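Welcome! Let us take a friendly look at one structure together, one topic at a time.

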Amino acid sequence: QVQLVESGGGLVEPGGSLRLSCAVSGSNFRRYTIAWFRQAPGSEREFVSAIRYNGYTYYADSVKGRFTISRDNTKNMAYLQMNSLKPEDTAVYYCAGDTGVILSSIRSHEHYDNWGQGTQVTVSS
C-alpha cells in the first residue's frame, strides 16, 4: 500500500548540485519519518539524512554542510538538496520511510519498512 518514488538523480560535475525528490503515498505522512540512504557499487548501504515528522533533521558527517533534507507535508513530499557534490557521493540514492522509527534507530536502514526504487546519482568530470 505504501509507495515511495524517488526522482531527480542524474550526472553532474564535481561541485555541482542536484535535488532529489521523494513522493510518498498510502501512509500517514504527517507522522512519517523520511530518510535518505545511498549505496555505491561494492559498498554497504549508507545513511545520508533523515527528517522526522516534527521537522528535526539528521545528517551523516560526510554530507553535513552540503546536503539539506526537507519535507512538505501538504504535498506528501520529501527532498534532498545536494550541493558541492563530490565523486564519492556517487551512488544509488533511496528514499525510505516508516511511522515507528525511534530516535536511536533513525540512522539504521533495518528500521525502515518502506523503500523507494532508487535513483542514480553520478558525480564525475
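Keep in mind that the model is predicted.

**The partners of strand 8**

- Strand 3, made of residues 18-25, pairs with strand 8 in the antiparallel sense, over six bridges.
- Within this pairing you can look for Leu-20, whose bridge partner in strand 8 is Leu-80.
- Strand 7, residues 67-72, also runs antiparallel to strand 8, and six bridges join the two.
- Here Ser-70 has Tyr-79 of strand 8 as its bridge partner.
- Strands 7 and 8 form a hairpin, with four residues between them.
- In that turn, Asn-76 has a positive phi of about 55°.

**The disulfide**

- A disulfide is a covalent bond between the sulfur atoms of two cysteines.
- How many disulfides does a search of the whole structure find? The search finds one.
- Cys-22 and Cys-95 form this disulfide, with their sulfur atoms 2.0 Å apart.
- Cys-22 lies in strand 3 and Cys-95 in strand 9 (residues 91-98), so the pair ties together parts that are 73 residues apart in sequence.
- The torsion about the S-S bond of Cys-22 and Cys-95 is about -80°, so the disulfide is left-handed.
- Are these cysteines buried or exposed? Cys-22 is buried, with a relative accessible area of 0%, and Cys-95 is buried with a relative accessible area of 0%.

Definitions and conventions
Residues numbered from 1 in each chain as written. Predicted model: local features only at pLDDT ≥ 70, side-chain atom pairs only at ≥ 80, totals over all residues. Heavy atoms only, no water. Pairing = 2+ DSSP bridges. Disulfide = S-S within 2.5 Å. Buried < 20%, exposed > 50% of the residue type's maximum accessible area, 1.4 Å probe, protein only.
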